[in-house]
2 protein chains.
Amino acid sequence: MAISALLTDLYQLTMLQVYFERGMNEKAVFEFFVRRLPEQRNFLIAGGLEQVVEYLEDLHFSSDELDWLADCGRFHRRFVGSLAGLHFTGGVDAMPEGTPFFADEPILRVVAPLREAQLIETRLVNLLQFQSMIAAKAARVRLAAPGSLLVDFGLRRAHGAEAGLLSARASYLGGFDGTATVEAGLRWGVPLFGTMAHSFVQTHASENAAFADFARSFPLANTLLIDTYDSEAAAHGVVALARQLAAEGIAIQGVRIDSGNLGEQARRVRAILDSGGLSGVRIFASGNLDEYAVQALVAGGAPIYGFGVGTRMNTSADQPYLDCAYKLQEYAGLPCRKRSAGKATWPGRKQVWRSYDSRGRMFGDRLGLLAEACPGTPLLQPVMRGGRRVAHLPTLSASRAYAQAQLLTLPSGMWHLGPAELYPVEVSAALRQLAEEVDRRTGAGGQASAAATDSRAPA
Amino acid sequence: MAISALLTDLYQLTMLQVYFERGMNEKAVFEFFVRRLPEQRNFLIAGGLEQVVEYLEDLHFSSDELDWLADCGRFHRRFVGSLAGLHFTGGVDAMPEGTPFFADEPILRVVAPLREAQLIETRLVNLLQFQSMIAAKAARVRLAAPGSLLVDFGLRRAHGAEAGLLSARASYLGGFDGTATVEAGLRWGVPLFGTMAHSFVQTHASENAAFADFARSFPLANTLLIDTYDSEAAAHGVVALARQLAAEGIAIQGVRIDSGNLGEQARRVRAILDSGGLSGVRIFASGNLDEYAVQALVAGGAPIYGFGVGTRMNTSADQPYLDCAYKLQEYAGLPCRKRSAGKATWPGRKQVWRSYDSRGRMFGDRLGLLAEACPGTPLLQPVMRGGRRVAHLPTLSASRAYAQAQLLTLPSGMWHLGPAELYPVEVSAALRQLAEEVDRRTGAGGQASAAATDSRAPA
């Protein structure tokens with residue numbers, strides 16, 4: 001995914017011009033975090049780091065882009081000239097993809113010359129929010145159906161091409177078994193699954209003609225869509241067809257139901273298949289599914305082997321965005337923070353330490369200053385230095401395995417879909433003290449002042 | 001946006017293999033439509049056609065992609081070989097971008113050899129859903145604030161790169177004045193707007209130092225972000241700064257408030273600016289805005305000149321997907337339709353005719369067969385023939401002007417955000433009759449049968 005350096009907000013470039021003209025380019029520290037978890041989420045899952053690293057390694061302005069900037073009448077030519085050599089030369093520390101995280105915890109820290117660190121804000125938020133949100137949604141579907149085959153079906157209603165691709169990636173990271181999106185197989189090796197469309201049935205003279213054609217072309221991977229006209233009638237047809245095909249050495253592997261009451265239909269279809277000797281034919285269900293619908297089907301004992309989950313997961317429909325930010329925490333050695341109503345942030349370079357009980361279950365995080373040595377496992381790890389990655393990133397399937405193991409360490413209340421007890425994230429005394437110091441220093445209007453400072457914790 | 005032909009669902013390729021092996025490639029007719037309008041939408045706005053045409057003109061498999069398909073162990077090599085020469089050679093008719101539309105109305109029809117028409121399904125839905133949804137959301141914001149400056153601020157929380165770009169495009173189509181997304185300026189000439197970030201204020205020793213630096217670098221386009229610490233204190237600072245800068249011939253153009261009670265803060269800041277002689281300085285507001293919040297601010301008389309609307313519009317947060325489909329309506333000359341529970345469709349090649357009253361207001365649509373001559377203006381127009389566009393598509397700004405004019409022709413009840421009376425879309429007698437005929441022909445299981453047919457209108 002080649003991404004233009006102009007995939008950014010205009011204000012990044014206007015600020016950069018000022019910084020250029022004032023010679024401001026000291027070291028800046030920005031952190032990405034989520035201010036509040038959505039009500040319907042007990043945790044989020046860090047995702048998108050690989051795409052962030054790829055973006056940073058490739059960051060540059062093309063000559064066409066520079067020409068356009070110079071000619072758009074908005075910028076000074078000397079400034080545009082300065083962008084020609086811009087690359088990312090900074091450092092990145094981050095939680096590995098697949099790590100569960102909570103409100104106020106930075107999942108990524110950038111330390112870089114101010115202009116570089118500022119320019120990348122928009123794309124970093126764009127990448128980290130989306131995959132963290134989708135991986136968490138997918139993990140909830142996985143928790144609802146630990147033993148089921150789960151396949152991402154949502155490319156068509158994802159928000160554009162990249163959302164479709166990255167939701168295939170992020171849902172696999174969060175615990176899905178695969179996707180229908182072919183390009184995700186090519187790019188990241190995500191396992192591919194697919195069935196057939198209603199149109200396929202309609203182009204044939206009969207359902208069974210369609211099913212027979214498909215099974216003969218795919219004798220080892222055929223899941224027949226049986227709800228184009230009437231699922232039960234189609235199931236009877238499948239029983240008859242299976243006998244014919246058996247003579248050719250071909251077995252029908254599965255059927256898909258995509259409409260109506262999925263649990264009820266699955267039960268009726270199961271009975272028809274079983275009494276027709278097709279107990280090995282698996283039922284796959286799709287259509288308007290999310291973690292709640294899947295949970296209800298599983299809890300109701302519906303004889304469904306696998307679920308195609310699309311639209312509602314790929315758009316994170318019940319919560320299609322996160323209240324997240326990439327905020328300046330330190331500039332030229334001075335910690336800083338924002339105090340805007342409801343949007344105050346914790347200053348300085350921070351680390352998150354996670355503690356586990358004797359059974360290996362997470363029991364609390366500490367948010368503190370990087371320089372502190374808090375008890376627990378530090379979650380942010382070095383990823384890039386001097387603009388280059390310090391080590392290979394894990395493969396996607398390794399990150400997925402890590403995420404699955406991490407889910408097992410969550411407090412068990414979080415294995416349910418409903419609201420769990422708030423996970424404890426303690427703010428260190430040193431960090432609270434720094435916030436007070438910063439407020440005293442910046443006062444009202446950012447100037448040293450005797451005005452009362454707001455030393456409350458960020459809301 | 002070069003899009004891989006592999007940006008599709010696996011089942012498109014498996015179906016294509018069967019079609020190849022059975023020699024099935026007769027003319028197929030597919031239509032894209034929305035089954036039901038979301039509860040919170042009285043209308044949608046057709047969007048995405050330009051991207052559809054670009055995708056279809058460029059559709060091909062690269063040799064790398066063909067190699068991967070041949071080696072993935074899933075397809076027959078002769079079939080993969082047949083994809084090498086695949087291009088789109090068909091025809092497209094569509095409603096022009098910017099046209100309001102309603103449930104069951106096709107906004108795009110593809111007539112093409114079956115394999116081509118099937119392969120493109122996923123991407124066409126992906127493109128048409130997103131921009132139609134965002135253009136409609138943007139139009140609602142525009143209806144809520146007819147006289148305000150409206151700017152798309154949502155790239156960072158859009159679902160990936162393309163969603164950010166296309167929501168800049170679609171929100172402009174729907175009536176916004178511009179976007180902060182720089183690349184949308186380069187690609188489509190969408191006007192660009194921007195201010196500054198909190199980090200910009202924080203990198204300076206004081207707010208006023210930051211504001212002065214910015215105004216000197218951008219003497220003709222400066223909107224100062226005043227809520228980093230305390231908006232009212234900052235407004236007083238702006239008054240003092242304006243006097244200094246006036247001596248240099250520089251005028252401050254605007255201030256932005258991004259947090260807290262926007263209406264209340266705008267009033268207080270307005271009073272401070274006015275009493276400081278800065279009545280020409282405009283107030284710009286952002287933060288968690290959507291059509292409802294904007295409407296409340298406008299109705300409350302908040303002295304806000306412009307709104308930056310981001311996340312909630314770019315994700316269409318209250319309704320992040322449409323219940324839409326691209327369905328086969330005819331194959332090899334035979335009309336067809338799906339009868340799945342709750343998902344039945346109208347068969348055949350269709351047209352939508354729109355009628356207007358004497359004041360030029362829309363008063364009803366007729367959904368009928370293309371071959372009929374219904375009264376009213378036919379909305380689907382020829383776009384492509386033989387795989388090439390038949391005429392230049394309108395520029396984005398022409399489409400935007402058309403969309404704005406179209407909004408004025410909506411029944412006035414739809415100018416409000418709440419639910420309006422359902423817009424009448426009548427189904428022609430000939431179309432109802434065809435649906436009955438198709439049901440009689442396909443019967444249960446798609447085979448001629450005496451079973452009762454379901455001739456109800458699609459739910």
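Across the interface of chain B and chain A of this predicted model, 47 residue pairs are in polar contact, both residues at pLDDT 80 or more, where a polar contact is a pair of N or O atoms within 3.5 Å, one able to donate a hydrogen and the other to accept it, and residues adjacent in sequence count only if both atoms are side-chain atoms. By class, the side of chain B that touches chain A has 43 nonpolar, 35 polar and 24 charged residues, with Gly counted as polar and Asp, Glu, Lys and Arg as charged.

**Extent of the interface**
- Chain A and chain B each give 102 residues to the contact, which is defined by heavy atoms within 4.5 Å.
- About 8,700 Å² is buried between the two chains, 59% of it on carbon and sulfur atoms, as accessible area (1.4 Å probe) lost on being put together and summed over both parts.
- In chain B, the residues that lose the most area to chain A are B:Arg156, B:His159 and B:Tyr229, together 10% of what that side buries.

**Salt bridges**
- The interface holds 6 salt bridges, each a side-chain nitrogen of Lys or Arg within 4 Å of a carboxyl oxygen of Asp or Glu.
- One of them joins B:Arg22 to A:Asp213 at 3.3 Å, N to O.

**Basis**
- Local features need pLDDT of at least 70 and side-chain atom pairs 80 or more, while totals for chains, interfaces and linings use all residues.
- Residues are numbered from 1 along each chain, chains are lettered from A in the order written, and side-chain values use heavy atoms without hydrogens and water.
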